[in-house]
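Welcome! Here is a friendly briefing to read beside the model.

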Amino acid sequence: MSMKQPQFFGLHAVPQSPLKWWMMALPFILLIGIYLIGSEIRLAENPNDKLMPPVSKMIDSIDRLAFTENKRTGEYVMLSDTTSSLSRIGIGITLSAFVGFLVGVRVGLFPGTETLFLKILTFLSIVPPLAILPILIIIFGVGEAGKITLIFLGTVFLITRDMHLSTKAIPREQIIKALTLGASQWEVMYRIVMPRIFPRLIDSVRLSLGAAWLFLIASESLAASSGLGYRIFLMTRYMDMSVIIPYVFWITFIGFVVDWLLRWTIRSQFSWYHASK
Amino acid sequence: MVANELRNSNLLHLEDVYQAYGDHVVLDDIDLSVAHGELVTVVGPSGAGKSTLLRLILGQELPSSGEILVSGEPVGFADPSRGIVYQKYSLFPNMSVLDNVTLGKRLELSFFQWQKRKIAIIDEAMHYLEKVGLNSHSKKYPHELSGGMRQRVAVVQALIKRPKILMMDEPFGALDPGTREDLQIFLLELWEETDMTIFFVTHDLEEAAYLGSRLIVLSQHYSDDRGDGPGVQRGAKIVADHILSRSNLSTDVKYTKGFGKLIARIRREGFDPQHRQHIREFDLKHPHSFRTNTVEEVRCK
């Protein structure tokens, strides 16, 4: 009797297409199915049920927010919510990537700087950013600066520490090698270490984006006049799930696309990164 | 010859070099002088501080005490006067083969100078790569090369900077035997062509005896007048210093009787913990071998 390669069960399973694709899609189909059935049951009991609105109602809401010009402001609500949220998160995470890269590499490479700053960085990274949100609102008011600062503070320490560790993980031999090839101390930093761990910075930003969204939505829920998080919390007052659910999907979709773009950048621009680990 | 003459005439000169980490003495009063154009191989049992000695000369760490001179000048931390090829990590994984080789040139030029001289430098690098048979791989990243290819690139990368001395830390240690022998021949050809000075650390006795024009045995297995009482911390010393002669590059020499005898002798001198020569019996007849008196010895006289 010859052995057969199992497709699903056990340690040795090798799922193959088309079964593989069906297996990947199954949880999604189940989730949507459960919602549709649940919604149907609840609507049969109470046609005005707000908790699980039918798909048709969600489509109405999307059409109203995304594809109809707001009569009063002349804007498309979903578009302006998206651009203001994305610019906040974009500026915040770019700032923290920039600072985290410079500080992290410097601290990782120069033992003097490390001794000076490592303890305080570790200490500051433990401060819960949401706990200082009120302080930020007092200092910066309810404008953009406070929100961007929260995203910055919420992500910069993680990126800095990740850059610090990645720099320290570079074998000492490589630093010495660069010096024997005539690199100055600054060239070691800017021309040897930084290009080498840049893809790791992209990875680090990817991992920080989850936290960045958290802080964005938290700050928008408190004080804002536009933004994806603002809209969701505004709709909570009307219990309008037909807006909240599509917005959550939209945020997830944006997050997914950004993550995919960053991974694609690493794969296509830094092909050596994963291969030479 | 006496130490004072050697320190100015020879390329590399170490005098009274000690290295200790806490209580643990690794190198115990190393005196060594190497002439220009020598291919020095260093062997010794593990823990004898071969790599420590290399790191001291390279400037990867500083000695606890003692002097290290290159061309009569005291040396400090790593700089282009000493090149290095490591067993691993010699190449930068984020640069192509060509970029790795030209790095030493690029680092010494500003952006505009580099733009001006780019073509000539790339030509030179490609010429070297052609010589080592890797010109068709110039666009590849190090991870796309085999171990032997990587080490060839690493040698070229170090040589383009024309260091006064090329340090090699078990450069062929991770290669399979066939590739290893290819690279030994490659290195010898390069050495004969370029008249450079090489300091080659290895744990492989055959490799050391085949490659070297001078072979140094570093060992902690010896005895001296300090006795074996508690508190006597003894580190490795140079216990033998051989001149080796070579008539041709053929690896057949490895199978001759004389070669086998030499290996057996080195094994006895440095690698046998039972066989402890007294410090006065070391074979240090090499013309550049010298020993300065230690503080204790001066006091005894």
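## A first look

Setting aside neighbours up to four places away in sequence, A:Thr82 is in contact with A:Leu228, A:Trp250 and A:Ile254, where contact means heavy atoms within 4.5 Å. This is a predicted model, in which local features need pLDDT of at least 70 and side-chain atom pairs count only at pLDDT 80 or more, while totals for chains, interfaces and linings use all residues. Residues are numbered from 1 along each chain as its sequence is written, chains are lettered from A and ligands numbered from 1 in the order in which they are written, and side-chain values use heavy atoms, with hydrogens and water left out.

**Chain A as a whole**

- Chain A has eleven helices and zero strands; helices (H or I, at least four residues) and strands (E, at least two) are DSSP runs, numbered from the N terminus.
- Reading along the sequence of chain A gives the pattern α-α-α-α-α-α-α-α-α-α-α.
- The radius of gyration of chain A is 24 Å, whereas a compact globule of 277 residues would have one near 19 Å. This radius is taken over C-alpha atoms, and the globule rule is 2.2 Å times the number of residues to the power 0.38.
- Along the principal axes, the C-alpha trace of chain A spans about 75 × 75 × 30 Å.
- Of the 277 residues in chain A, 42% are buried; buried means under 20% relative accessible area, exposed over 50%, and partly exposed in between (1.4 Å probe, protein chains only).
- Among the contacts in chain A with a separation of 6 or more, 68% are between residues 24 or more positions apart.
- Chain A exposes about 16,400 Å², and carbon and sulfur atoms supply 70% of that area. Accessible areas come from the Shrake-Rupley method with a 1.4 Å probe; for residues, only the protein chains shown count as cover.
- There are 25 positive and 17 negative side chains in chain A, and the centres of these two sets lie 9 Å apart. Lys and Arg count as positive and Asp and Glu as negative, while His and the chain ends are not counted; the place of a charge is NZ of Lys, CZ of Arg, CG of Asp or CD of Glu.

**Places to visit in chain A**

- A:Thr82 sits in helix H3 (residues 77-109) and is buried, with a relative accessible area of 8%.
- A:Leu150 belongs to helix H6 (residues 144-168), and its relative accessible area is 0%, so A:Leu150 is buried.
- Residues that A:Leu150 touches, not counting those up to four places away in sequence, include A:Pro129, A:Leu130, A:Phe215 and A:Ser219.
- The C-alpha atoms of A:Leu150 and A:Ile137 are separated by 9.5 Å, and the two residues are 13 residues apart along the chain.
- The peptide bond from A:Ser17 to A:Pro18 is cis, with omega near 5°; A:Pro18 lies in the segment before helix H1 (19-45).

**Chain B as a whole**

- Chain B has nine helices and twelve strands.
- Taken along the principal axes, the C-alpha atoms of chain B fill a box of roughly 65 × 45 × 35 Å.
- In chain B, 55% of the 301 residues count as buried.
- The accessible surface of chain B is about 13,700 Å², with 51% belonging to carbon and sulfur atoms.
- Chain B carries 36 positive and 41 negative side chains, and the centres of the two sets are 2 Å apart.

- B:Arg180 is in helix H6 (residues 177-194) and is buried at a relative accessible area of 12%.
- Beyond its neighbours within four places in sequence, B:Arg180 has contacts that include B:Phe172, B:Asp204 and B:Glu207.
- B:Ser71, in the loop between strand S4 (65-70) and strand S5 (73-74), has a positive phi near 55° although it is a residue other than glycine.
- B:Glu170 is not a glycine but has a positive phi of about 40°, and B:Glu170 counts as buried at 13% relative accessibility.
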